[in-house]
Amino acid sequence: MIISERVVLRFPKELVDKPTISALVRKYDIEFNILQAQVLPQKEGLMVVVFTGEEKIVRQALNDLKSQNVGLQRLKQDIVKDDKICTHCGVCIGLCPTNAFYYDQPTKKVIFDYEKCITCMLCVKGCMVRAIKIKF
Amino acid sequence: MKTIEEINEKIKKGQAVVVTAEEMLEIVRKKGETKAAKEVDVVTTGTFGPMCSSSIYLNFGHPAPRIKIGGGTCFLNGVPAYAGLAAVDVYLGATAVPPNDPGNLHYPGEFSYGGGFVIEELVNGERVLLEAISYGTDCYPRKELKSYFSLKDINEAILFNPRNCYQNYNVAVNASDRMLYTYMGILKPNFGNANFCSAGILSPLLRDPEYYTTGIGTRIFLCGGIGYVAWHGTQHSPGVERTSEGVPKRPAGTLAVIGDLKQMNGEFIRGASFVGYGVTLVIGIGVPIPVINEKVAAWCGVPAEKMFAPVVDYSHSYPERKPEVLGEVSYAELFSGTITLGNRTIPVGSLSSLFMARRIAQTLKKWISEGRFELTKPVAKLPGKETGIRMKGFEIKEKKQ
């Protein structure tokens, strides 16, 4: 079965200048898409990546990263919209770069499709009633 | 053709035909305004959006011994309330923030708490901390007061909003190359997004564009309770440019509204904060429109394609108070999700909730249909377009004379 696994990777500073991801995809038959990447002030690297491939191989690749001391966290539940708080105004719809928010027709409720989310967090800042939260 | 008294008689008997503004638009489109005016008695509107000029005043009752908070200082959950009134009357505005809030020192500031949130907590029945300090007098000897209270403990809690319910509003865009944090939300650089704030065809004053049925004394749905139009709102600007149907093409009329906070429902009144801007209150208002003749029906039949809002640049024109407008877009375009400006297609976000506006219009429809809400004839008219009144700018004067 082909799966897509969204993960937050934390690279210790001794790995920041190494081509870890490039080596990984050469070793395993998987695809990757970098959603976010940054080097933090303490020289640690933070990357949000989607790995796509055969489930077993993706698991092997992720275990390989772990064994190299790369911090690994699944992303799936990272951004959540609390529907008890949301007023369905839709200010997030215009902000989201990947159209992860949309109006359900005909109810006009705002729906969040986290599969499209790249955790840019603009919606978290932009929501006036703080209905969108980051869950670590 | 019909009087408000006749419509009220029907409401009392449970025979009034009440429809929401969305339903009325369809009826007028299918049957024409003459037939629609005959068939329909009341059209209900609704709007739900951030409205900064919102506030409450409270009377706590007198503690023993008494204190004169008036002339002293008062905080509600750490948020400053105005204490320049009588002994135990105070006034709290939606945008007030605690004195230790860092504001925009670490730009863009979070503004995580303030007046709007205190108001929401009170409506939800929560206890709020009252802290007052005063100078003490022979008749009011107490100098300090610290106590929790909730709405049920105090005499009066009145929502009074000097300006709500804007008739039409700007569509905000950002022509600069940096992110902007405004009361119209986050605006991405280089026209990255556009935000608007109106319920469009459900918006109370867009359905009654010439204030023909809405006036001082009009009974309204206010945040889940019953309220009234108290006056025209501040910045009321009826003299702006209008379409041939009479619908303003710029921000125009506004309403000052008043109602009992104790009746309100937390679903329809929400504290809110805009990153980099501040705290505010999201208010739900529904105004009933009595269909007294076909003129009223005709206004309710103006489609979103024929209602226009101005696109304004919030990186320059708005902050510098320049009159430039980048273009006009119809509400049909705004609700489609994108607008076209020159050769750009810009994604649109809304600050006003259409979902909640509908809920309000439907709730008011239910109240009227069940005979729980009767219509009122305005005591006085709001200033109309014939007055030519337009909102003034403030010109700075350095000398007294």
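## Predicted model of the complex of chains A and B

Of the 136 residues that make up chain A, 26% count as buried. The model is predicted. The predictor assigns the complex an ipTM of 0.94 and a pTM of 0.90. For chain B, the pLDDT averages 98, and 100% of the residues score at least 70.

**Layout of chain A**

The domain assignment divides chain A into domain 1 (2–74) and domain 2 (79–134). Between the C-alpha centres of domain 1 of chain A and domain 2 of chain A the distance is 27 Å. Along the principal axes, the C-alpha atoms of chain A occupy a box of roughly 50 × 40 × 20 Å.

The secondary structure of chain A consists of four helices and eight strands. Read from the N terminus, the order of elements in chain A is β-α-β-β-α-β-β-α-β-β-α-β. Among contacts in chain A between residues at least 6 apart in sequence, the share that joins residues at least 24 apart is 63%.

**The four-stranded sheet of chain A**

In chain A, four strands make an open sheet with antiparallel pairing, ordered β2-β3-β1-β4. Its edge strands are β2 (31–39) and β4 (71–74) of chain A, each of which pairs on one side only. From one strand to the next the twist averages 25 degrees. Helix α2 (residues 55–67) of chain A packs on this sheet and touches β1, β3 (45–54) and β4 of chain A. The direction of this helix makes about 155 degrees with that of β3(A).

Strand β1 (residues 2–11) of chain A pairs with β4(A) through four bridges, in the antiparallel sense. Opposite A:Leu9 stands A:Leu72 of β4(A).

Which residues does A:Leu65 touch, leaving out those up to four places away in sequence? They are A:Leu9, A:Leu24, A:Val70 and A:Leu72. A:Leu65 itself lies in helix α2 of chain A. A:Leu65 counts as buried because 20 other C-beta atoms lie within 10 Å, and the cut-off for this class is 20 or more. The leucines A:Leu65 and A:Leu122 are separated by 57 residues in sequence and by 29 Å in space, C-alpha to C-alpha.

**A hairpin in chain A**

Strand β6 (residues 101–104) of chain A is joined to β7(A) by four bridges, and the two run antiparallel. A:Asp104 has A:Lys109 as its bridge partner in β7(A). The hairpin of β6(A) and β7(A) has four residues between the strands, and A:Lys108 takes a positive phi near 65 degrees there.

Side chains alternate along strand β7 (residues 109–112) of chain A.

**The contact between the chains**

How many residues does each chain bring to the contact? Chain A brings 17 residues and chain B brings 24 residues. On the side of chain A that touches chain B, α3 (91–95) and α4 (122–126) of chain A each supply at least two residues. The most comes from α3(A), with five residues. By class, this side of chain A has eight nonpolar, six polar and three charged residues.

**A sheet in chain B**

Chain B has an open sheet of three strands, in the order β1-β2-β20, with mixed pairing. Its edge strands are β1 (18–20) and β20 (288–290) of chain B, and each pairs on one side only. Neighbouring strands of this sheet are turned against each other by 25 degrees on average, direction ignored. Helix α2 (residues 21–39) of chain B packs on the sheet, touching β1 and β2 of chain B, and its direction makes about 100 degrees with that of β1(B). Between β1(B) and strand β2 (residues 42–44) of chain B, B:Thr20 stands opposite B:Thr44.

| Strand pair | Sense | Bridges |
|---|---|---|
| β1(A) and β4(A) | antiparallel | four bridges |
| β6(A) and β7(A) | antiparallel | four bridges |
| β1(B) and β2(B) | parallel | three bridges |

Technical notes. Residues numbered from 1 in each chain as written. Chains lettered and ligands numbered in written order. Predicted model: local features only at pLDDT ≥ 70, side-chain atom pairs only at ≥ 80, totals over all residues. Domains from an automatic or database assignment. Buried ≥ 20, exposed ≤ 12 C-beta atoms within 10 Å, placed from the backbone. Contact = placed C-beta atoms within 7 Å. Pairing = 2+ DSSP bridges. Axes fitted to C-alpha atoms, helices over the stretch in contact; angles between N-to-C directions. Nonpolar A, V, L, I, M, F, W, Y, C, P; charged D, E, K, R; others polar. pLDDT = per-residue confidence, 0-100.
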